[in-house]
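This report describes a complex of two protein chains. Please read it alongside the sequence and the coordinates.

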Amino acid sequence: MRIRIFPVLALVLGTTALLTVGCASRPAPQELDAQTAAMMKASFREQGIAKLDRLQQDLGQKACSSDQPPAAAVAGRIEREALASVRWPAGGRYLGDWKAGEKLAQNGRGMTWTDKSADASANGAQCYNCHQISKEEISFGTIGPSLYNYGKLRGVKDPYAPASAEVVQYTWAKLWNAKAYSACSNMPRFGHKGLLAEDQIRDVMALLLDPRSPVNH
Amino acid sequence: MRRPRWRVLALACLMPFAVQAQKSTADGIAEYRKMLEDGNPAELFEMKGEDLWKQPRGPKKASLERCDLGLGPGVVKGAWVQLPRYFADTGRVQDVESRLLTCMSTLQGFDAAEIAKTAFGRGEMANVTALATWIAAQSRGQRFDLPQRHAQEKRFYELGKRAFFFRGGPMDFSCATCHGEEGKRIRLQDLPDLRTNPGDGIGFAAWPAYRVSSGQMWGMQQRLNDCYRQQRFLYPGFASDVTIALGVYMGVNARGAESIAPAIKR
């Protein structure tokens with residue numbers, strides 16, 4: 001037996017050694033990850049309001065930084081933590097002014113190194129960059145789904161009726177931290193990252209859910 | 001150098017957008033590209049770049065005619081569609097703009113670090129852009145075929161791929177947020193899917209390009225710089241490794257795409 005096993009073992013060991021040598025010419029994936037981190041650190045500098053903390057990835061950013069989705073357990077943790085991060089509106093006031101919301105939706109500015117202030121008041125909500133919203137605005141992007149008739153399609157006749165509560169709360173949480181429902185969502189976390197203040201989110205909420213908003217006509 | 005006439009012409013050509021916005025942006029761009037075929041302002045930068053290449057300049061009063069862009073000293077035709085690539089003399093993977101810095105430093109005696117710090121469109125930086133424009137034009141109609149033989153070229157592809165998917169900053173964006181799916185738009189602007197060959201003259205195969213909206217000539221370095229600005233990320237150093245790595249990733253993915261550079265953009 002021993003005599004028969006020996007050549008097999010030698011073959012296995014030999015092949016392993018060969019493979020190891022073959023791989024040595026190309027860095028392992030973990031090594032490339034480390035080199036990427038070093039490269040990112042060395043290649044960028046601060047400019048204006050864009051500070052070095054932008055290089056620091058949180059769990060969600062890091063887990064969603066490849067062409068492969070994260071493992072289900074990791075995605076679940078990102079989503080749970082995102083949902084827990086949501087700050088619900090003071091006084092249960094979910095909706096503001098849809099007209100102000102439309103202005104915010106049109107505005108794609110904010111947070112670049114050429115912007116003067118990182119304050120939420122300097123930022124737009126950028127909705128039309130990626131979504132269809134009202135029927136009148138034909139210059140809309142397609143990275144996100146169409147939001148035309150958002151409230152109407154979800155049966156929201158009175159946003160403050162108990163029957164609307166689920167949709168209204170979902171929408172608030174989605175705007176506050178989009179990762180609550182999709183770990184690697186492309187959508188910015190407007191509330192969580194301080195991109196929009198509570199009142200601005202109320203206005204965007206109204207644009208989507210107020211039955212008088214052009215979105216729902 | 002002001003060319004108000006170009007802007008008027010460009011504006012006139014943009015008018016159909018306003019009226020027929022539903023027509024695809026790509027169709028519109030193809031249309032006005034056609035209208036401007038005999039008059040892309042990039043040609044002025046091409047001419048300037050050719051002069052700069054042949055003129056004795058810099059502290060050493062030498063021309064760039066012995067500059068090796070990868071196909072041997074002085075060979076310009078076909079060099080652009082094989083960049084970025086590895087250069088043994090510097091031991092680095094370089095794109096056209098970082099390679100020009102090397103040649104301007106070694107042949108002409110310019111201070112490469114000083115040029116790299118200069119704002120786009122100013123001083124010697126504007127000259128680098130014009131040179132890149134002329135060099136790209138010498139490969140117009142050729143197909144991208146970046147070498148991937150050297151270990152450093154393969155390594156830079158892998159680093160570029162990782163940089164492409166790196167999410168960060170206040171809006172969690174990566175390059176892939178906008179350029180990682182087929183058939184997407186921001187507003188009416190079509191977005192090339194840069195994970196693969198997006199087609200002839202699209203994406204990597206269109207730069208350097210004259211930007212009608214800003215009235216400026218942009219090389220790939222400035223294009224990437226503005227991508228990172230709009231990504232709400234940090235400021236990438238000129239010719240920094242991340243810009244070169246992304247160039248390798250996009251260029252290798254674009255293998256077989258026909259270069260139309262220098263192109264004209266909205």
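The sections below cover confidence, the chain A fold, the interface, and selected parts of chain B.

## Basis and confidence

This is a predicted model, in which local features need pLDDT of at least 70 and side-chain atom pairs count only at pLDDT 80 or more, while totals for chains, interfaces and linings use all residues. Residues are numbered from 1 along each chain as its sequence is written, and chains are lettered from A and ligands numbered from 1 in the order in which they are written.

The predictor assigns the complex an ipTM of 0.89 and a pTM of 0.89. For chain B, the average pLDDT (the predictor's confidence in each residue, from 0 to 100) is 91, and 87% of the residues score at least 70. Residues 1–21 of chain B have a pLDDT below 50, and this stretch has 12 contacts in the model beyond near neighbours in sequence; two residues are in contact if their C-beta atoms, placed from the backbone, lie within 7 Å. Where pLDDT is low, the predicted coordinates should not be read in detail.

## Chain A

Chain A has nine helices and one strand, arranged from the N terminus as α-α-β-α-α-α-α-α-α-α. Helices (H or I, at least four residues) and strands (E, at least two) are DSSP runs, numbered from the N terminus.

Of its 217 residues, 34% count as buried, meaning that 20 or more other C-beta atoms lie within 10 Å of the residue's own, with C-beta atoms placed from the backbone. Among contacts in chain A between residues at least 6 apart in sequence, 60% join residues at least 24 apart.

## The interface

The contact between the chains draws 43 residues from chain A and 37 residues from chain B. On the chain A side, the elements giving two or more residues are α2 (29–43), β1 (44–45) and α6 (127–130). The largest share, eight residues, comes from α2(A). By class, this side has 19 nonpolar, 16 polar and eight charged residues; Ala, Val, Leu, Ile, Met, Phe, Trp, Tyr, Cys and Pro count as nonpolar, Asp, Glu, Lys and Arg as charged, and the others, Gly among them, as polar.

Strand pairing also links the chains: β1(A) and β7 (residues 235–236) of chain B run antiparallel and are joined by two bridges. Two strands pair if DSSP finds at least two bridges between them. F44(A) stands opposite P236(B) in β7(B).

## Helices of chain B

The axes of α3 (residues 42–54) and α6 (residues 123–137) of chain B come within 7 Å and cross at roughly 100°. Axes are lines fitted to C-alpha atoms, for helices over the stretch in contact, and angles run from 0 to 180 degrees between N-to-C directions.

In α9 (residues 220–230) of chain B, M220(B), Q221(B), Q222(B), L224(B) and Y228(B) are buried. The buried residues of α9(B) pack against α4 (96–106), β6 (216–218), β7 and α10 (241–253) of chain B. After α9(B) comes R232(B), with a positive phi near 65°.

## A sheet in chain B

Three strands of chain B form an open sheet in the order β6-β5-β8, with mixed pairing. β6(B) and β8(B) (263–265) stand at the edges with a single partner strand each, so one side of each is left without a neighbour in the sheet. The twist averages 30° from one strand to the next.

β5 (residues 209–211) of chain B pairs with β8(B) in the parallel sense over three bridges. R211(B) stands opposite K265(B) in β8(B).

How values were computed:
Buried ≥ 20, exposed ≤ 12 C-beta atoms within 10 Å, placed from the backbone.
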